[in-house]
Each structure stands twice: as structure tokens, then as C-alpha cells.
Amino acid sequence: MKNDNFVQDVLKTIQDKNIKPKAKWEFIVRNWLVLFVGLIFLIIGSLAFSVIIYLLKNNDWDLRMQIGHSLISFVLLSLPYLWLIFLIIFIAIIYYDFKHSKKGYRYDWKIVVGSIVLISILFGILLYNVGVGQAIEDTLTNKVPLYQKMMQHRTDMWQRPEKGILPGTIIKVKSD
């Protein structure tokens, strides 16, 4: 008796809301689209991580004392917040896409996010070693004025003539 009422309620809801079944191809296209978008954002997240590695590695850590900052303030000034925010956004999008894939609901969020972060780190290291992180940073710094303004705090550390700190390029080293 309970089962009959349930079946009747479901049928009535289907008729009242005019619910139509979706074709199998729609699910297949959606799953492929979710996979494609997830892969694109995984690549972008890896690119962001390669830039983060480049910025942190080429941060003049050995000259921190001459610049006149404590370790904490130097680290806070040096962190590439823009790229960290991008990385977090891309990880969130990939997580969302994965959770909405065919079998993504089965996995714990810690395993999914940990795997995404690990894959982004590994591909980011690979891309950094190939020189992609530096290429992206150089291109954005030279061609995108908004990016230059956002990353200005990094160059401001070297623009302190009152403390004897001047930015520049070494053209020639004389032995004497």
C-alpha cells in the first residue's frame, strides 16, 4: 500500500511538472564537457603554480637584510597573492567539476582537493623547470599594465635610494 502511494505520487509529480526524460547523449556531452573544463583549469592551475615557484625562487632571499625587512615582512611582501588567489579559484572550479562528474560524488573532498593540489604542484614544477613560469611572468610584466601595478610591491623593495638601494642591471664586472 505504501509503495502504491509512492508510485502514484511520483507519476503525478511527473505529469504535473511535465518532466521529460533526457537523452543519453546529453549526459555523455555533459560528462565530457566537465572533464574538458576540469583539464583546462588543471593546466591553468599548474601554470599559476609554476609562476609562484618562479617568483618565490627568484626573490633575492639572500639580500633580505640589505633591503631592510624582517623575515615575516619580506615573506608577506614577496608572496604572489594574485597567483595564489588564481590557484585557489582554479582548484575550487576543478573540485566542483569533479564532484559533478559521473562518479565524482563517491570521493571524499579531502582526497579530491589533495589530488588536485598534488597534480597542480607536480605539473607546476615541470612547467617551471621548462621555463614556462618565467615566460609568463616576463610577458605579463612587460605587456599588461594592470599586472605591473598589482605586482608593484615587488619592485618597490628595490626602489629605495635613501637607503642606498637602487635597481639596475649589471652590464660589466671589472676585476679590480
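Where do Lys12 and Asp16 lie, and how many residues apart are they? Both sit in helix 1, four residues apart, which is about one turn of the helix. Before going further, a word on the model: it is predicted, so local features need pLDDT of at least 70 and side-chain atom pairs count only at pLDDT 80 or more, while totals for chains, interfaces and linings use all residues. Residues are numbered from 1 along each chain as its sequence is written, and side-chain values use heavy atoms, with hydrogens and water left out.

Lys12 forms a salt bridge with Asp16, and their closest N and O atoms are 3.0 Å apart. The term salt bridge stands for a side-chain nitrogen of Lys or Arg within 4 Å of a carboxyl oxygen of Asp or Glu. A search of the whole structure turns up one salt bridge. As for cover, residues are called buried under 20% relative accessible area, exposed over 50%, and partly exposed in between (1.4 Å probe, protein chains only). Lys12 counts as partly exposed because its relative accessibility is 49%, and Asp16 counts as exposed at 55%.

Now for the chain overall. It has nine helices and zero strands, and reading along the sequence gives the pattern α-α-α-α-α-α-α-α-α. Helices here are DSSP runs (H or I) of at least four residues and strands are runs (E) of at least two, numbered from the N terminus. Of the 176 residues in the chain, 24% are buried. The accessible surface of the chain is about 13,200 Å², and 67% of that belongs to carbon and sulfur atoms; such areas come from the Shrake-Rupley method with a 1.4 Å probe, and for residues only the protein chains shown count as cover. Contact means heavy atoms within 4.5 Å. Among contacts between residues at least 6 apart in sequence, 71% join residues at least 24 apart.

The surface also carries patches. These are made of residues with over 30% relative accessible area and no salt bridge, where like charges are joined within 9 Å and nonpolar side chains (Val, Leu, Ile, Met, Phe, Trp, Tyr) within 5 Å. One nonpolar patch is formed by Phe6, Val7, Val10, Leu11, Ile14 and Ile19, with about 500 Å² of accessible area together. Ile14, one of its members, lies in helix 1 (residues 2–16) and is partly exposed because its relative accessibility is 37%. A patch of positive charge gathers Lys24, Lys102, Lys103 and Arg106. For charges, Lys and Arg count as positive and Asp and Glu as negative, with His and the chain ends not counted; the place of a charge is NZ of Lys, CZ of Arg, CG of Asp or CD of Glu. Lys24 is in helix 2 (residues 24–57), and its relative accessible area of 66% makes it exposed.

What about the loop between helix 1 and helix 2? Asn18 is found there, and it has a positive phi of about 55° although it is not a glycine. Most residues other than glycine have a negative phi. Asn18 is exposed, with a relative accessible area of 52%.

Helix 2 also holds Ser46, which is buried at a relative accessible area of 2%. Leaving out residues up to four places away in sequence, Ser46 touches Ile119, Ser120, Phe123, Gly124 and Leu127.

Glu137 has its place in helix 7 (residues 132–143) and is buried, with a relative accessible area of 8%. Not counting residues up to four places away in sequence, Glu137 touches Val51, Tyr54, Leu55, Trp83 and Tyr147. Gln134 is in helix 7 too, but is partly exposed at 39%. Gln134 and Val51 are 83 residues apart along the chain, yet their C-alpha atoms are separated by 6.5 Å.

Finally, Trp61 lies in the loop between helix 2 and helix 3 (64–67) and counts as partly exposed at 35% relative accessibility. Beyond its neighbours within four places in sequence, Trp61 is in contact with Leu56, Phe74 and Val75. From C-alpha to C-alpha, Trp61 and Phe74 are 8.6 Å apart in space, and they are 13 residues apart in sequence.
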